[in-house]
Amino acid sequence: MLTALDDHDGAAVDWLFVYKLPDRRPRGGSSARGSLTTGFEYLYFDSNASAPLALSPHALDDSSGALHRTLEQVFSVGEDIPDGRGWVLYNDEIPGAASNNEDRGHAKGVIAFDLATDSALWLLHSTPRWPLPRSAAFPHDERIYAQTYLCITLPDVATVQRISAQMRAQQQPQVYGCHIPPGLARDTALHALARGDLAAPLDAPSTVTFESRGGHPFESIAKSRHWGKDFWIDLVGPALADDLGVETWRRGTVPDTEDRGGSDHVDDVLHVDLNPLGVDIGWAYTKDHAKWAVGEGSDWVCVADLNRQVSQQKRGGGSICLSHRLLHDGLAKLVGQSSAPGSVSPPIGP
């Protein structure tokens with residue numbers, strides 16, 4: 001049975017969240033000794049946690065952590081692929097590609113399923129050119145920036161079909177690897193998604209509500225490249241009926257922090273500070289390629305595909321949102337600084 005696997009002993013968990021730290025070296029270049037981080041450390045939290053978000057004893061470049069264990073299980077690394085096992089890999093930056101199709105969504109993830117056990121999982125992440133097909137290895141050239149990962153154990157393959165139907169018309173991902181088992185019906189949304197056969201993009205956004213295998217509710221909020229508004233202030237915030245603190249990659253022109261009517265508001269996170277978690281390190285948003293948000297008057301947490309920048313209005317993408325007090329409060333503590341209204345992001349810096 002496919003399931004997310006935990007960071008401790010590889011036991012099954014309902015869902016898990018990983019926040020990779022950026023590579024941070026002390027000022028002084030090669031003359032400075034030591035390293036603040038290597039870029040493979042990460043914060044970890046899962047559905048069984050009774051304590052806040054915490055630094056994992058594992059690293060993404062070893063084989064003992066949750067993401068590595070989970071992907072090894074998906075791909076059956078070093079073994080024959082079980083009958084009924086399948087997966088879809090998608091990324092707006094394909095491993096080894098000289099160019100990418102920018103009409104496809106700004107979306108990165110893995111959908112995996114097993115027809116024999118009627119089980120599945122969805123991993124949404126922010127790392128370009130990862131993972132390689134049938135490999136759980138994390139690339140060393142992606143250590144520079146912070147990244148986010150949300151992996152959810154789904155109740156059945158029927159749930160994957162509903163998610164696939166939304167993705168075909170909204171996120172419209174660039175699929176670069178798949179394994180389609182013989183038992184998967186060709187006339188299904190999942191089979192079409194795996195083939196890269198996408199539906200006509202919808203003008204209006206959509207929300208798919210689903211539950212994890214353990215019964216926790218999630219919202220998949222998505223929009224196509226034709227919608228033409230800011231994903232965060234015009235869609236996610238109103239859908240969740242809350243203002244948001246948003247940490248994303250931002251370069252060039254960024255949207256205002258209030259909508260035109262002044263009824264919805266977001267704060268752009270400009271600095272992440274881990275000191276409240278007992279970790280003496282922080283970084284500016286310019287070192288962060290993660291895409292996450294927390295509600296400012298609720299327990300909503302979102303992990304997403306799309307950044308808060310004007311150029312993203314022309315790309316399809318989405319966000320998975322859940323209401324969870326402990327994870328929300330842990331992420332909210334990391335917000336070291338938020339934005340004042342403005343339209344251009346500051347220059348890149350440490």
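Arg69 counts as partly exposed because its relative accessibility is 25%, where buried means under 20% relative accessible area, exposed over 50%, and partly exposed in between, with a 1.4 Å probe and protein chains only. This is a predicted model, in which local features need pLDDT of at least 70 and side-chain atom pairs count only at pLDDT 80 or more, while totals for chains, interfaces and linings use all residues. Residues are numbered from 1 along each chain as its sequence is written, and side-chain values use heavy atoms, with hydrogens and water left out.

Arg69 is found in helix α1 (residues 66–75); helices (H or I, at least four residues) and strands (E, at least two) are DSSP runs, numbered from the N terminus. Leaving aside neighbours within four places in sequence, Arg69 is in contact with Leu5, Asp6, His8, Asp9, Gly10, Ser63 and Ser64, contact meaning heavy atoms within 4.5 Å.

Confidence is expressed as pLDDT, the predictor's confidence in each residue, from 0 to 100. The protein has a mean pLDDT of 92, with 93% of its residues reaching 70 or more, whereas over residues 340–350 pLDDT stays under 50, and for these residues the model has 26 contacts beyond four places in sequence.

The sheet is open and is formed by eight strands in the order β5-β4-β3-β9-β8-β7-β6-β10, with antiparallel pairing. β5 (54–55) and β10 (175–179) stand at its edges, each with a single partner strand, so one side of each is left without a neighbour in the sheet.

| Strand pair | Bridges | A bridge partner pair |
|---|---|---|
| β4 (residues 42–46) and β5 | two | Tyr44 and Ala54 |
| β6 (residues 85–91) and β7 | seven | Asn91 and Lys108 |
| β7 and β8 (residues 119–125) | six | Gly109 and Leu124 |

Strand β7 (residues 108–114) is largely enclosed by the rest of the structure, because seven of its seven residues are buried. Lys108, Val110, Ala112 and Asp114 point one way from β7, while Gly109, Ile111 and Phe113 point the other way. In the hairpin of β7 and β8 there are four residues between the strands, and Asp118 takes a positive phi near 50 degrees.

Helix α5 (residues 325–332) lies across β3 (15–20) and β4, running at about 5 degrees to β3; axes are lines fitted to C-alpha atoms, for helices over the stretch in contact, and angles run from 0 to 180 degrees between N-to-C directions.

Helix α2 is largely enclosed by the rest of the structure, since 10 of its 13 residues are buried, among them Val160, Ile163 and Met167. Thr159, placed in α2 (residues 157–169), counts as buried because its relative accessibility is 7%. Its side chain is joined to that of Asp156 by a polar contact of 2.7 Å, a polar contact being a pair of N or O atoms within 3.5 Å, where within protein one must be able to donate a hydrogen and the other to accept it, and residues adjacent in sequence count only if both atoms are side-chain atoms. Asp156 also has a side-chain oxygen that reaches to within 3.4 Å of the backbone nitrogen of Ala158 at the start of α2. Leaving aside neighbours within four places in sequence, Thr159 is in contact with Leu154 and Phe210.

Definitions and conventions: Two strands pair if DSSP finds at least two bridges between them.
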